[in-house]
Amino acid sequence: MATRHLLLPLALLLSAAAAPVQAAPAKPAADSPGVDIPYERYVLPNGLEVILHRDSAAPLVVTNLWYHVGSGDETPGKSGFAHLFEHMMFQGAKHIGNDVHFKILQEIGGTGINGTTNSDRTNYFEVVPSHQLETALWLESDRMGYMLDLLDEKSLANQRDVVRNERRQRYDNVPYGRERFAVAEALYPEGHPYRYLTIGRHEDLEAASVADVQGFFRKWYVPSNATLTIAGDFEPEQAKALVQKWFGSFPKLPQPAHPQVGAPQLTQTVRRELDDPFARLYRIHYAWHSPPRLGGGDIELEVLADVLGSTGWGRLYKALVLEDKSAQSVSAYQSGAGHSGTFHVVVDLKPGQDPVKAELTIRRELERILREPVSDAEMRRVVVGTESSFVWGLEDVMGRVERLQYFNHYARDPGYANTYLQRLRAVTPARVREVANQWLVKPHAEILTKPAAPPPGQSDGTGPKGPGASAKPEGTGAKKPAAEAKPDAAGDAAGKKKPAAADKPADAAGAEKPAPKPKKPAATDKPAEAAAAKEG
């Protein structure tokens, strides 16, 4: 049965509501203006979910297909499979041929062609001229139904080498790459799917066989585990007929069960010091377990992160960058994911500064948050900024498509935007303090990164060891180029697929974060970053 949502004007309410915060969906008050993204949702008999969003402002159409599988669904010994499979999907399929996906789309004027993977989902998207919608649907249909027909040892070896090279470029041989794995290893035990990040381990990728890839495809890449969104300049009835033509004949297969994995409970704070031959500044990185994406407390911790780390006015930013002048940069972010989330505070010190003093400042500000509510002025500033960013992120069609997909995946409701805004407006200073005392008093990870020794005559940028530090080098880490079309990306996780070639070197990195949160709709996030979100 189709669900229709009619177009309403975009409106932004900058005042806060008085309703209590809740994790479950709530109906917006009738007199509370908000954002409405018009859509129609229906499900094919084989289980494929379809969302339509019409916008005739430009003669373009976006197709955006989410498979509800990510690295959080991987099993021990199979890390990196979700991301590896994302690459395999660009290798070719039975009817389109081998290694021609980009060529076909580029010849018809397609842009924004990409795929991304994070801990919770894998997506594929392209923007094509309106009259080429059927070509885009044909390509996605062939990948969904007939990718295995061209799978062999040669194609697997090609993409496996690309992914391993991507890991070297974006994780193993970049500043603070080791830190990313060290944080995950400190927070998650062996066997937890978040331990090895979306990129996975070299040994697991190297061991991947054709049979492994076939099994992964048959389990997860089925119509009942996918959501296709079409947006832009199209006629709904024509689009429905094309969807039926290219996807309707696929059989109905069981919807795969996702593992239920909770956040581990640390019994004590894990503190490690790393030597990083690529880093040039001393980094202090604290990370706590936190609520899952859109779960109870997730939005409150996003508010707290802004209060602590916002450039120019955040409490830690002012204390360490503007007043003490000891830090080069400060960031704080809440990185929710499907199973659970993480809350981060990251400080990069200027050369020659004392890490002990900086850590004391961090702890002082965190203790202050636990004792006293944030101010009403800080609260208003965060709400206004978050709502503004959210609405600006809906300006282009791809931004709206990603919000529909994002809310459909995490809230089971494509039209959750108003509920999200209501929850944001309902956050109070007292509630932020309450959530902080629920999560930030627990044992956590403290990862300290020492830069490599500089050339003779230059300051080394290091200081004495922080209180209680243990010198245990750990891990490796990194990430791929951000997607052109700004998908939900947290982090994460977007990268241009270059057929039969290695991805380009990483642009920025930062802590690994899954797809951008609704408040930061444009590509992955702050330092995760961009956190987020977005991953391999």
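Which residues line the second largest cavity? They are P264, Q265, L266, W288, H289, W439, K442 and P443, and by class this lining has 5 nonpolar, 2 polar and 1 charged residues. Here Ala, Val, Leu, Ile, Met, Phe, Trp, Tyr, Cys and Pro count as nonpolar, Asp, Glu, Lys and Arg as charged, and the others, Gly among them, as polar.

The structure is a predicted model, in which local features need pLDDT of at least 70 and side-chain atom pairs count only at pLDDT 80 or more, while totals for chains, interfaces and linings use all residues. Residues are numbered from 1 along each chain as its sequence is written, and side-chain values use heavy atoms, with hydrogens and water left out.

**Spaces in the protein**

On a 1 Å grid over the protein atoms alone, a cavity is a set of points where a 1.4 Å probe fits but cannot get out, whereas a pocket is an open set with protein on both sides within 12 Å along at least five of seven lines; lining residues have an atom within 4 Å of a point. Grid points are joined across faces, edges and corners, and a volume is the space filled by probe spheres set on the points.

| Space | Volume | Lining by class |
|---|---|---|
| Largest pocket | about 830 Å³ | 15 nonpolar, 16 polar, 7 charged |
| Second largest cavity | about 80 Å³ | 5 nonpolar, 2 polar, 1 charged |

Of the 38 residues that line the largest pocket, H68, H258, H409, Y410 and R412 are the closest to its centre. The elements giving two or more residues to this lining are β2 (39-43), β9 (226-232) and α13 (397-411), and the largest share, 4 residues, comes from α13. Helices (H or I, at least four residues) and strands (E, at least two) are DSSP runs, numbered from the N terminus. The lining of the largest pocket also draws at least three residues from each of domain 1 (35-259) and domain 2 (262-455), with domain bounds that come from an automatic or database domain assignment.

**An enclosed helix**

Helix α3 (residues 133-146) has 14 residues and reaches 20 Å from its first C-alpha to its last, close to the 20 Å expected at 1.5 Å a residue, where the expected span is 1.5 Å times one less than the number of residues. Among the buried residues of α3 are L133, L137 and M144. L133 is 100 residues from D233 in sequence, yet the two are 9.6 Å apart in space, C-alpha to C-alpha. D233 is found in the loop between β9 and α8 (236-247) and is partly exposed, with a relative accessible area of 24%.

**Aromatic rings**

Rings of Phe, Tyr and Trp (its six-membered ring) pair if their centres lie within 6.5 Å, and planes under 30 degrees apart count as stacked, over 60 as edge-to-face and the rest as tilted. By this rule the count comes to 23 aromatic pairs. The rings of F85 and F216 have centres 5.5 Å apart and planes at 35°, so this pair is tilted. Because F85 lies in helix α1 (residues 81-88) and F216 in helix α7 (residues 210-220), the pair ties together parts that are 131 residues apart in sequence.

Notes:
Buried < 20%, exposed > 50% of the residue type's maximum accessible area, 1.4 Å probe, protein only.
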